[in-house]
Amino acid sequence: VGDYIPDDECTSFKGRLKFRSKLLFEIMNRFALTLRRIRSLSNDRGKYMMCPADCIPTAKHVGRDAAFKAPSSRPDTIRSVIKLSVPVFVPRGDERAQAASTSVVRSAFAKAISTGDFDGF
């Protein structure tokens, strides 16, 4: 993902929209690390899913979770939901490869979250 650049030091408006906060930057960095751990998948016809090391997930939308109720010990806590776009290469028109890649990426992120890779935020 690269180094974090605070908004006041960033001269490009597009750059400012990339990472609005240090917290979002750190979360995206962890998602990028998780994505790099996914291995390419192949079958008898060759590779059908690749996650190149230089590809990083992109935040498409960050929104507040209106259904979240903060615990009484931390009443000012809010929760946001991040929608990502994950770059994965699959053969065009191969629906089975697309379904498999979606499942693999979701499973990888679910495992990373459940094993504590995203703890500490």
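Which residues are exposed on the other side of α3? Before selecting them, keep in mind that this is a predicted model, in which local features need pLDDT of at least 70 and side-chain atom pairs count only at pLDDT 80 or more, while totals for chains, interfaces and linings use all residues. Residues are numbered from 1 along each chain as its sequence is written, and side-chain values use heavy atoms, with hydrogens and water left out.

Start by selecting residues 95-114, which form helix α3 (helices are DSSP runs of H or I with at least four residues, numbered from the N terminus). On the other side of this helix, Glu-95, Arg-96, Arg-106, Lys-111 and Ser-114 are exposed (over 50% relative accessible area, with a 1.4 Å probe and protein chains only; buried means under 20%).

Next, colour Ala-97, Ser-101, Val-105, Phe-109 and Ala-112, the buried residues of α3. Looking down the axis of α3, you will find that they fall within an arc of 95°, so they line one face of the helix (the arc is that of the directions from the helix axis to the C-beta atoms).

Now move to the ends of α3. Asp-94 caps the N-terminal end, with a side-chain oxygen 3.3 Å from the backbone nitrogen of Arg-96, and just after the helix Gly-116 takes a positive phi of about 95°.

Finally, select residues 22-36, which make up helix α2 and its 15 residues; the buried ones include Phe-25, Met-28 and Phe-31. With both helices shown, the axes of α2 and α3 come within 10 Å and cross at roughly 125° (axes are lines fitted to C-alpha atoms, for helices over the stretch in contact, and angles run from 0 to 180 degrees between N-to-C directions).

Notes: Helix = DSSP H or I, 4+ residues; strand = E, 2+ residues; numbered from the N terminus. Expected span 1.5 Å × (residues − 1). Polar contact = N/O pair within 3.5 Å; in protein donor to acceptor, adjacent residues only side chain to side chain.
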